[in-house]
Every structure is written in structure tokens, then in C-alpha cells.
Amino acid sequence: MRGMADLTPTPDRPGLHVSKPSPNAPATGSAVCHCGATATATGDNQVRALVEGYTANHGSAHGRAGR
Ligand SMILES: [Zn+2]
């Protein structure tokens with residue numbers, strides 16, 4: 001299995017990554033947008049908020065807003 005570092009978004013490869021290593025472990029998430037915004041979160045609720053905020057305001061949402 002590849003390490004998490006391979007999937008973590010970077011400014012060169014923007015995106016959203018969520019990991020939940022096991023059912024008993026808290027989820028972790030990281031997001032990097034091409035606009036320069038970055039965020040990380042730990043915990044299921046925090047990661048959910050991260051994903052919702054990113055998809056609403058960043059990533060492909062920039063295209064929807066007309067940029
Ligand atoms: Zn953005």
C-alpha cells in the first residue's frame with residue numbers, strides 16, 4: 001500500500017483527500033486548492049465540515065462561480 005504522502009494534496013497537485021485508517025480511528029482530511037487555500041482537519045465532524053466547505057467554495061466551485 002502506498003503511503004499517505006502520495007495522496008496528500010499539494011500546491012502542485014491541488015485536491016481533497018480524506019483518510020479513515022480504521023473504523024475506530026478519527027478521520028483525517030487535507031485540502032489544497034489551486035487558489036492557494038489550504039486546510040487540514042482531524043475528526044469525523046471536522047473532516048465533514050472541511051469537505052463541505054471545500055466543495056462549496058473551492059476546487060470546481062471556482063468554475064461554477066465564473067472566476
Ligand atoms: Zn479555492
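I started with Val32, and leaving aside residues up to four places away in sequence, I found that Val32 touches Pro9, Thr10, Pro11, Pro14, Gly15 and Thr38. Here, contact is when the C-beta atoms of two residues, placed from the backbone, lie within 7 Å.

A note to myself on the model: it is predicted, so I take local features only at pLDDT of at least 70 and side-chain atom pairs only at pLDDT 80 or more, while totals for chains, interfaces and linings use all residues. Residues are numbered from 1 along each chain as its sequence is written.

Next I looked up the elements. The protein chain has two helices and three strands, in the order β-β-β-α-α from the N terminus. These are DSSP runs numbered from the N terminus: helices are H or I with at least four residues, strands E with at least two.

Then came the sheet. The three strands form an open, antiparallel sheet in the order S1-S2-S3. Strand S1 (15-19) and strand S3 (38-42) stand at the edges with a single partner strand each, so one side of each has no neighbour in the sheet. Pairing needs at least two DSSP bridges between two strands, and five bridges join S1 to S2. I also saw that His17 stands opposite Ser30 in S2.

Last, I checked the core. The largest nonpolar core has six residues: Ala31, Val32, Ala41, Val47, Leu50 and Tyr54. Strand S2 (28-32) and helix H1 (44-57) each give two or more residues to this core, with the largest share, three residues, from H1. Such a core is a set of buried Ala, Val, Leu, Ile, Met, Phe, Trp, Tyr and Cys residues joined through C-beta atoms within 7 Å; buried means 20 or more other C-beta atoms within 10 Å of a residue's own, all placed from the backbone.

Methods: Buried ≥ 20, exposed ≤ 12 C-beta atoms within 10 Å, placed from the backbone.
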